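Dear colleague,

I am passing on the structure we spoke of, with the sequence alongside it.

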Amino acid sequence: MPRSKTALINSLQFGRFSYGDDHPFQLLRYQLARELMDAFGLLALPGMEIRDCAPVSDQQVLSYHDPDYIGRLKEFSSSQYPRADFRYGLGDADCPVFQGVYECAALGAGATFEAVRLVVEEGFDCAFNLAGGWHHAHRAKAAGFSYLNDAVIAINWLVQRGKRVVYLDIDAHHGDGVQEGFYDTDQVLTISLHESGIYFFPGTGFENEIGVGKGKGYSVNLPLLAHTDDALYMKAFDEVAYPLIAAYDPDIIITQVGADTFRTDPLTRLEITTHSYRYIMRKLKALKLPWVALGGGGYDLMNTSRAWSIVWSVMNGVELPHQFPESFVKRIKPLGYPNRGLWDAMHWSQEYDRNLALDAVEASIQRIRTTIFPVIITH
Ligand SMILES: [Zn+2]
(Lines give C-alpha, C1' and ligand atoms only; values in the text may rest on other atoms or scores of the structure.)
Protein backbone atom coordinates (compact mmCIF):
# COMPACT_ATOMS: atom_id res chain seq x y z
CA MET A 1 0.00 0.00 0.00
CA PRO A 2 1.39 3.46 -0.83
CA ARG A 3 2.41 5.46 2.20
CA SER A 4 0.02 8.15 3.47
CA LYS A 5 0.99 11.81 3.19
CA THR A 6 0.01 13.33 6.52
CA ALA A 7 0.18 16.72 8.26
CA LEU A 8 0.19 17.55 11.95
CA ILE A 9 -0.60 21.19 12.67
CA ASN A 10 1.86 22.66 15.14
CA SER A 11 0.04 23.15 18.44
CA LEU A 12 2.97 24.34 20.54
CA GLN A 13 2.17 27.95 19.67
CA PHE A 14 -0.87 27.69 21.97
CA GLY A 15 1.36 27.39 25.04
CA ARG A 16 1.29 31.16 25.63
CA PHE A 17 -2.47 31.26 26.37
CA SER A 18 -4.34 30.15 29.51
CA TYR A 19 -8.00 29.82 30.51
CA GLY A 20 -6.84 30.01 34.16
CA ASP A 21 -5.16 27.48 36.44
CA ASP A 22 -8.42 26.13 37.87
CA HIS A 23 -10.25 25.77 34.56
CA PRO A 24 -10.74 22.16 33.36
CA PHE A 25 -9.51 23.17 29.91
CA GLN A 26 -5.72 23.11 30.26
CA LEU A 27 -3.67 23.98 27.22
CA LEU A 28 -0.92 21.71 28.57
CA ARG A 29 -3.00 18.94 26.97
CA TYR A 30 -1.53 19.73 23.54
CA GLN A 31 2.01 19.73 24.82
CA LEU A 32 1.67 16.40 26.65
CA ALA A 33 -0.02 14.75 23.66
CA ARG A 34 2.75 15.93 21.43
CA GLU A 35 5.39 14.71 23.89
CA LEU A 36 3.87 11.24 23.92
CA MET A 37 3.79 11.23 20.11
CA ASP A 38 7.41 12.31 20.09
CA ALA A 39 8.41 9.62 22.60
CA PHE A 40 6.75 7.00 20.39
CA GLY A 41 8.69 8.29 17.38
CA LEU A 42 5.52 9.61 15.72
CA LEU A 43 6.95 13.03 14.90
CA ALA A 44 9.63 11.74 12.53
CA LEU A 45 7.73 9.41 10.24
CA PRO A 46 8.30 9.18 6.51
CA GLY A 47 5.47 10.94 4.66
CA MET A 48 4.51 13.25 7.53
CA GLU A 49 5.03 16.97 7.96
CA ILE A 50 4.50 19.36 10.86
CA ARG A 51 2.96 22.57 9.58
CA ASP A 52 2.55 25.99 11.19
CA CYS A 53 -0.60 28.00 10.70
CA ALA A 54 -1.84 31.59 10.75
CA PRO A 55 -4.90 32.95 12.57
CA VAL A 56 -8.08 32.59 10.54
CA SER A 57 -9.11 35.75 8.65
CA ASP A 58 -11.98 38.03 9.71
CA GLN A 59 -13.75 37.26 6.47
CA GLN A 60 -13.73 33.55 7.28
CA VAL A 61 -14.86 34.12 10.86
CA LEU A 62 -17.81 36.15 9.56
CA SER A 63 -18.84 33.32 7.23
CA TYR A 64 -20.51 31.94 10.36
CA HIS A 65 -20.30 34.31 13.31
CA ASP A 66 -22.37 37.39 14.09
CA PRO A 67 -20.35 40.64 13.63
CA ASP A 68 -21.59 42.17 16.91
CA TYR A 69 -20.51 39.09 18.87
CA ILE A 70 -17.10 39.12 17.20
CA GLY A 71 -16.71 42.85 17.91
CA ARG A 72 -17.40 42.26 21.60
CA LEU A 73 -15.05 39.28 21.77
CA LYS A 74 -12.22 41.31 20.19
CA GLU A 75 -12.86 44.26 22.50
CA PHE A 76 -12.71 42.03 25.60
CA SER A 77 -9.68 40.20 24.28
CA SER A 78 -7.64 43.41 24.23
CA SER A 79 -8.89 44.66 27.61
CA GLN A 80 -6.53 44.60 30.58
CA TYR A 81 -9.43 44.14 33.00
CA PRO A 82 -11.81 41.18 33.37
CA ARG A 83 -14.95 41.80 31.32
CA ALA A 84 -18.24 39.95 30.93
CA ASP A 85 -21.30 40.10 28.67
CA PHE A 86 -23.62 37.18 29.31
CA ARG A 87 -25.76 37.90 26.21
CA TYR A 88 -22.75 36.60 24.30
CA GLY A 89 -21.78 33.91 26.80
CA LEU A 90 -18.61 35.79 27.64
CA GLY A 91 -17.01 35.90 31.06
CA ASP A 92 -18.71 33.03 32.88
CA ALA A 93 -16.95 30.02 34.42
CA ASP A 94 -16.98 28.01 31.18
CA CYS A 95 -15.94 30.81 28.83
CA PRO A 96 -13.66 33.13 30.77
CA VAL A 97 -12.36 36.25 29.07
CA PHE A 98 -8.61 36.60 29.23
CA GLN A 99 -6.21 38.84 27.39
CA GLY A 100 -5.62 37.36 23.96
CA VAL A 101 -8.70 35.12 24.01
CA TYR A 102 -9.58 36.18 20.46
CA GLU A 103 -6.05 35.51 19.17
CA CYS A 104 -6.11 32.08 20.84
CA ALA A 105 -9.46 31.18 19.24
CA ALA A 106 -8.49 32.61 15.85
CA LEU A 107 -5.27 30.58 15.89
CA GLY A 108 -7.20 27.41 16.72
CA ALA A 109 -9.61 28.08 13.86
CA GLY A 110 -6.68 28.92 11.57
CA ALA A 111 -5.11 25.58 12.46
CA THR A 112 -8.29 23.74 11.49
CA PHE A 113 -8.56 25.70 8.26
CA GLU A 114 -4.93 24.88 7.43
CA ALA A 115 -5.53 21.16 8.09
CA VAL A 116 -8.50 21.22 5.71
CA ARG A 117 -6.66 23.28 3.10
CA LEU A 118 -3.66 20.92 3.10
CA VAL A 119 -5.94 17.98 2.39
CA VAL A 120 -7.95 19.76 -0.31
CA GLU A 121 -5.24 21.81 -2.03
CA GLU A 122 -1.92 20.11 -1.31
CA GLY A 123 -2.82 16.47 -1.67
CA PHE A 124 -2.40 15.36 1.94
CA ASP A 125 -4.38 12.22 2.76
CA CYS A 126 -4.91 13.12 6.41
CA ALA A 127 -4.30 16.09 8.69
CA PHE A 128 -4.70 16.55 12.42
CA ASN A 129 -5.23 19.74 14.43
CA LEU A 130 -5.08 18.86 18.11
CA ALA A 131 -6.10 22.42 19.03
CA GLY A 132 -9.45 22.33 17.21
CA GLY A 133 -12.93 20.93 17.68
CA TRP A 134 -14.56 23.91 19.42
CA HIS A 135 -17.95 22.50 18.62
CA HIS A 136 -20.06 24.46 21.14
CA ALA A 137 -19.42 27.94 19.71
CA HIS A 138 -22.68 29.39 18.37
CA ARG A 139 -23.18 32.06 15.75
CA ALA A 140 -23.50 34.83 18.36
CA LYS A 141 -22.51 33.14 21.62
CA ALA A 142 -19.55 31.49 23.28
CA ALA A 143 -20.33 28.25 25.14
CA GLY A 144 -18.62 25.18 26.56
CA PHE A 145 -15.01 26.51 26.37
CA SER A 146 -15.61 27.45 22.69
CA TYR A 147 -15.46 30.98 21.24
CA LEU A 148 -15.06 30.45 17.49
CA ASN A 149 -16.47 27.41 15.73
CA ASP A 150 -13.42 26.24 13.80
CA ALA A 151 -15.20 23.30 12.18
CA VAL A 152 -18.06 25.42 10.82
CA ILE A 153 -15.65 28.06 9.51
CA ALA A 154 -13.51 25.47 7.70
CA ILE A 155 -16.50 23.51 6.39
CA ASN A 156 -18.06 26.74 5.04
CA TRP A 157 -14.92 27.16 2.96
CA LEU A 158 -15.35 23.60 1.66
CA VAL A 159 -19.04 24.12 0.90
CA GLN A 160 -18.21 27.28 -1.08
CA ARG A 161 -15.98 25.06 -3.21
CA GLY A 162 -18.82 22.64 -3.88
CA LYS A 163 -17.44 19.88 -1.59
CA ARG A 164 -19.77 17.43 0.14
CA VAL A 165 -18.69 16.92 3.73
CA VAL A 166 -19.27 14.48 6.56
CA TYR A 167 -18.71 15.92 10.03
CA LEU A 168 -18.49 13.13 12.62
CA ASP A 169 -18.33 14.15 16.27
CA ILE A 170 -17.35 11.49 18.85
CA ASP A 171 -16.75 13.90 21.73
CA ALA A 172 -18.81 13.08 24.86
CA HIS A 173 -20.82 16.26 24.32
CA HIS A 174 -23.28 16.97 21.52
CA GLY A 175 -21.72 18.88 18.60
CA ASP A 176 -24.46 21.50 18.84
CA GLY A 177 -22.74 24.48 17.22
CA VAL A 178 -21.71 22.49 14.14
CA GLN A 179 -25.17 20.98 13.80
CA GLU A 180 -26.66 24.51 13.86
CA GLY A 181 -24.26 25.66 11.18
CA PHE A 182 -25.53 23.08 8.67
CA TYR A 183 -29.04 22.28 9.87
CA ASP A 184 -30.73 23.30 6.61
CA THR A 185 -28.34 21.89 4.01
CA ASP A 186 -27.79 18.48 2.43
CA GLN A 187 -24.22 19.37 1.48
CA VAL A 188 -22.96 18.54 4.99
CA LEU A 189 -23.96 15.40 6.88
CA THR A 190 -23.40 15.92 10.61
CA ILE A 191 -23.30 12.88 12.89
CA SER A 192 -22.84 13.20 16.65
CA LEU A 193 -22.47 10.36 19.17
CA HIS A 194 -22.59 11.75 22.71
CA GLU A 195 -23.80 11.35 26.28
CA SER A 196 -27.54 12.08 26.34
CA GLY A 197 -28.46 15.72 26.93
CA ILE A 198 -31.26 14.89 29.38
CA TYR A 199 -29.08 15.83 32.34
CA PHE A 200 -25.95 16.84 30.52
CA PHE A 201 -24.42 19.83 28.73
CA PRO A 202 -25.42 21.22 26.24
CA GLY A 203 -28.90 19.63 26.68
CA THR A 204 -29.45 18.95 22.97
CA GLY A 205 -28.65 16.19 20.47
CA PHE A 206 -31.76 14.02 20.54
CA GLU A 207 -32.76 11.67 17.71
CA ASN A 208 -35.59 13.95 16.60
CA GLU A 209 -33.12 16.72 15.66
CA ILE A 210 -32.76 15.62 12.04
CA GLY A 211 -32.45 18.92 10.12
CA VAL A 212 -34.95 21.15 8.31
CA GLY A 213 -35.86 21.93 4.69
CA LYS A 214 -33.22 20.59 2.31
CA GLY A 215 -31.25 19.51 5.36
CA LYS A 216 -33.93 17.16 6.67
CA GLY A 217 -32.27 13.79 7.25
CA TYR A 218 -28.75 15.27 7.20
CA SER A 219 -28.36 15.86 10.96
CA VAL A 220 -27.89 12.64 12.88
CA ASN A 221 -27.84 12.36 16.67
CA LEU A 222 -27.14 9.31 18.76
CA PRO A 223 -27.60 10.15 22.45
CA LEU A 224 -26.05 7.53 24.74
CA LEU A 225 -26.91 6.84 28.36
CA ALA A 226 -24.35 7.19 31.13
CA HIS A 227 -22.25 4.00 31.47
CA THR A 228 -22.34 3.19 27.76
CA ASP A 229 -19.23 1.03 27.35
CA ASP A 230 -16.88 -0.08 24.56
CA ALA A 231 -19.12 -2.75 23.04
CA LEU A 232 -22.20 -0.53 22.99
CA TYR A 233 -20.23 2.35 21.54
CA MET A 234 -18.85 0.20 18.73
CA LYS A 235 -22.36 -1.06 18.08
CA ALA A 236 -23.65 2.51 17.77
CA PHE A 237 -20.81 3.41 15.41
CA ASP A 238 -21.17 0.28 13.27
CA GLU A 239 -24.94 0.38 12.96
CA VAL A 240 -25.44 4.13 12.46
CA ALA A 241 -22.37 6.22 11.74
CA TYR A 242 -20.44 3.87 9.47
CA PRO A 243 -23.20 2.92 7.02
CA LEU A 244 -24.34 6.55 6.77
CA ILE A 245 -20.82 7.82 6.04
CA ALA A 246 -20.29 5.09 3.45
CA ALA A 247 -23.65 5.76 1.77
CA TYR A 248 -23.23 9.54 1.72
CA ASP A 249 -19.76 9.06 0.19
CA PRO A 250 -18.41 12.56 0.93
CA ASP A 251 -15.46 14.35 -0.69
CA ILE A 252 -13.89 14.75 2.75
CA ILE A 253 -14.55 13.67 6.33
CA ILE A 254 -13.95 15.96 9.31
CA THR A 255 -13.92 14.23 12.70
CA GLN A 256 -14.00 15.80 16.14
CA VAL A 257 -12.12 13.25 18.24
CA GLY A 258 -12.64 14.43 21.83
CA ALA A 259 -11.46 11.95 24.47
CA ASP A 260 -13.89 12.95 27.21
CA THR A 261 -15.86 9.77 26.45
CA PHE A 262 -13.21 7.78 28.35
CA ARG A 263 -14.27 6.20 31.61
CA THR A 264 -11.82 8.14 33.77
CA ASP A 265 -12.87 11.55 32.47
CA PRO A 266 -13.80 13.83 35.40
CA LEU A 267 -16.65 15.63 33.57
CA THR A 268 -18.57 12.80 31.89
CA ARG A 269 -20.09 9.37 32.60
CA LEU A 270 -19.52 7.32 29.47
CA GLU A 271 -17.20 4.30 29.89
CA ILE A 272 -15.22 4.17 26.67
CA THR A 273 -11.57 3.13 26.49
CA THR A 274 -8.77 3.16 23.94
CA HIS A 275 -10.19 -0.17 22.76
CA SER A 276 -13.23 1.24 20.95
CA TYR A 277 -11.47 4.51 20.17
CA ARG A 278 -8.81 2.68 18.16
CA TYR A 279 -11.48 0.54 16.51
CA ILE A 280 -13.28 3.64 15.24
CA MET A 281 -10.08 5.31 14.02
CA ARG A 282 -9.14 2.21 12.06
CA LYS A 283 -12.55 2.01 10.43
CA LEU A 284 -12.36 5.68 9.45
CA LYS A 285 -8.93 5.17 7.95
CA ALA A 286 -10.23 2.18 6.01
CA LEU A 287 -12.76 4.43 4.23
CA LYS A 288 -9.78 5.89 2.29
CA LEU A 289 -11.39 9.33 2.26
CA PRO A 290 -9.51 12.60 2.67
CA TRP A 291 -9.61 12.92 6.46
CA VAL A 292 -9.14 15.79 8.91
CA ALA A 293 -9.24 15.22 12.69
CA LEU A 294 -9.81 17.95 15.30
CA GLY A 295 -8.90 17.44 18.96
CA GLY A 296 -11.92 18.47 21.06
CA GLY A 297 -12.61 17.67 24.72
CA GLY A 298 -10.90 15.40 27.24
CA TYR A 299 -10.19 16.49 30.80
CA ASP A 300 -7.95 13.63 31.88
CA LEU A 301 -4.73 14.68 30.19
CA MET A 302 -3.34 11.15 29.99
CA ASN A 303 -6.43 10.22 28.01
CA THR A 304 -6.07 13.04 25.50
CA SER A 305 -2.37 12.19 25.13
CA ARG A 306 -3.12 8.51 24.56
CA ALA A 307 -6.16 9.06 22.34
CA TRP A 308 -4.53 11.58 20.06
CA SER A 309 -1.35 9.52 19.74
CA ILE A 310 -3.64 6.73 18.56
CA VAL A 311 -5.35 8.99 15.98
CA TRP A 312 -2.02 10.13 14.60
CA SER A 313 -0.55 6.60 14.54
CA VAL A 314 -3.60 5.25 12.66
CA MET A 315 -3.43 8.12 10.17
CA ASN A 316 0.17 7.12 9.51
CA GLY A 317 -0.40 3.37 9.51
CA VAL A 318 1.86 2.80 12.52
CA GLU A 319 1.20 0.16 15.22
CA LEU A 320 2.09 1.33 18.71
CA PRO A 321 3.26 -0.85 21.64
CA HIS A 322 1.48 -0.84 25.01
CA GLN A 323 4.31 0.48 27.14
CA PHE A 324 4.95 4.20 27.37
CA PRO A 325 8.54 5.02 26.38
CA GLU A 326 10.82 5.57 29.39
CA SER A 327 11.33 9.25 28.58
CA PHE A 328 7.58 9.88 28.79
CA VAL A 329 7.23 7.94 32.05
CA LYS A 330 9.93 10.19 33.56
CA ARG A 331 8.15 13.26 32.25
CA ILE A 332 4.70 12.45 33.73
CA LYS A 333 5.80 11.05 37.09
CA PRO A 334 6.48 14.43 38.74
CA LEU A 335 3.15 15.70 37.35
CA GLY A 336 1.38 12.93 39.28
CA TYR A 337 -0.03 11.07 36.26
CA PRO A 338 -0.23 7.27 36.37
CA ASN A 339 1.82 5.19 33.97
CA ARG A 340 -1.14 3.31 32.53
CA GLY A 341 0.32 2.38 29.17
CA LEU A 342 -1.43 2.93 25.87
CA TRP A 343 -3.94 0.13 25.43
CA ASP A 344 -6.86 -0.50 27.76
CA ALA A 345 -8.57 -3.87 27.81
CA MET A 346 -12.09 -3.78 26.41
CA HIS A 347 -14.36 -2.55 29.17
CA TRP A 348 -17.88 -3.64 30.21
CA SER A 349 -19.94 -1.51 32.59
CA GLN A 350 -21.96 -2.90 35.52
CA GLU A 351 -24.79 -5.16 34.44
CA TYR A 352 -27.72 -3.04 35.63
CA ASP A 353 -26.39 0.17 34.04
CA ARG A 354 -25.36 -1.71 30.96
CA ASN A 355 -28.81 -3.15 30.34
CA LEU A 356 -30.36 0.32 30.50
CA ALA A 357 -27.72 1.67 28.12
CA LEU A 358 -28.20 -1.26 25.74
CA ASP A 359 -31.99 -0.79 25.60
CA ALA A 360 -31.49 2.92 24.95
CA VAL A 361 -28.96 2.46 22.16
CA GLU A 362 -31.12 -0.15 20.45
CA ALA A 363 -34.14 2.17 20.56
CA SER A 364 -32.07 5.06 19.20
CA ILE A 365 -30.69 2.97 16.34
CA GLN A 366 -34.20 1.90 15.44
CA ARG A 367 -35.45 5.50 15.36
CA ILE A 368 -32.57 6.63 13.17
CA ARG A 369 -33.17 3.73 10.80
CA THR A 370 -36.73 4.96 10.40
CA THR A 371 -36.06 8.70 10.02
CA ILE A 372 -32.59 9.06 8.50
CA PHE A 373 -31.75 5.88 6.60
CA PRO A 374 -34.47 6.30 3.93
CA VAL A 375 -33.01 9.75 3.10
CA ILE A 376 -29.29 8.86 3.01
CA ILE A 377 -29.22 5.20 2.08
CA THR A 378 -30.97 4.91 -1.27
CA HIS A 379 -30.95 1.65 -3.14
ZN1 LIG B 1 -16.78 17.31 25.26
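This is a predicted model: local features need pLDDT of at least 70, side-chain atom pairs count only at pLDDT 80 or more; totals for chains, interfaces and linings use all residues.

Eight strands make up an open sheet with parallel pairing, and their order across it is β2-β1-β3-β8-β7-β4-β5-β6. The edges are formed by β2 (48–51) and β6 (219–224), each of which pairs on one side only. Ignoring direction, neighbouring strands of this sheet are turned against each other by 15 degrees on average.

On the β3 side, strand β3 (residues 126–129) pairs with β8 in the parallel sense over four bridges, and A127 has V292 of β8 as its bridge partner. Strand β7 also runs parallel to β8, to which four bridges join it, and here T255 has A293 of β8 as its bridge partner.

Further along the order, β4 and strand β5 (residues 188–195) form a parallel pair over five bridges. Within this pair L168 stands opposite I191 of β5, while the bridge partner of D169 in β5 is S192. Strand β5 is mostly covered, eight of its eight residues being buried.

**The zinc site**

Which protein atoms are the donors of the zinc ion? They are supplied by D171 (OD), H173 (ND1) and D260 (OD), at 1.9 to 2.1 Å from the ion, and the spacing of these donor residues in sequence is D-x1-H-x86-D. D171 belongs to the loop between β4 (165–169) and α6 (176–181), whereas D260 belongs to the loop between β7 (252–256) and α8 (274–286), so the pair ties together parts that are 89 residues apart in sequence. Both of these aspartates are enclosed by protein under the cut-off of 20% relative accessible area: D171 is buried at 1%, and D260 is buried at 0%.

**Helix α5**

Helix α5 (residues 150–160) is largely enclosed by the rest of the structure, because nine of its eleven residues are buried. The buried residues are D150, A151, V152, I153, A154, I155, N156, W157 and L158. Just after this helix, G162 adopts a positive phi of about 80 degrees.

**Pocket and cavity**

The second largest pocket has a volume of about 220 Å³. Its lining consists of 22 residues, of which H136, G144, F145, H173 and Y299 lie nearest the centre of the pocket; H173 is also one of the zinc donors.

How many cavities of 30 Å³ or more does the structure hold? There is one cavity of that size, and the largest cavity contains about 40 Å³ of space. Its lining is made up of Y19, V101, C104, A105, W134, Y147 and L148, and these divide into seven nonpolar, no polar and no charged residues.

**Backbone geometry**

Most residues other than glycine have a negative phi, and most peptide bonds are trans.

The peptide bond from F201 to P202 is cis, with omega near 0 degrees, and P202 is found in the loop between β5 and β6. D249, although not a glycine, has a positive phi of about 50 degrees, and its place is in the loop between α7 (230–248) and β7. K288 is likewise not a glycine and has a positive phi, in this case of about 55 degrees; K288 lies in the loop between α8 and β8, and with a relative accessibility of 66% this lysine counts as exposed.

With best regards

Notes
Residues are numbered from 1 along each chain as its sequence is written. Side-chain values use heavy atoms; hydrogens and water are left out. On a 1 Å grid over the protein atoms alone, a cavity is a set of points where a 1.4 Å probe fits but cannot get out, and a pocket is an open set with protein on both sides within 12 Å along at least five of seven lines; lining residues have an atom within 4 Å of a point. Grid points are joined across faces, edges and corners, and a volume is the space filled by probe spheres set on the points. Donors are N, O and S atoms within 2.8 Å of the metal (3.2 Å for Na, K and Ca); water is not among the atoms, so sites may look incomplete. Helices (H or I, at least four residues) and strands (E, at least two) are DSSP runs, numbered from the N terminus. Buried means under 20% relative accessible area, exposed over 50%, partly exposed in between (1.4 Å probe, protein chains only). Two strands pair if DSSP finds at least two bridges between them. Axes are lines fitted to C-alpha atoms, for helices over the stretch in contact, and angles run from 0 to 180 degrees between N-to-C directions. Ala, Val, Leu, Ile, Met, Phe, Trp, Tyr, Cys and Pro count as nonpolar, Asp, Glu, Lys and Arg as charged, and the others, Gly among them, as polar.
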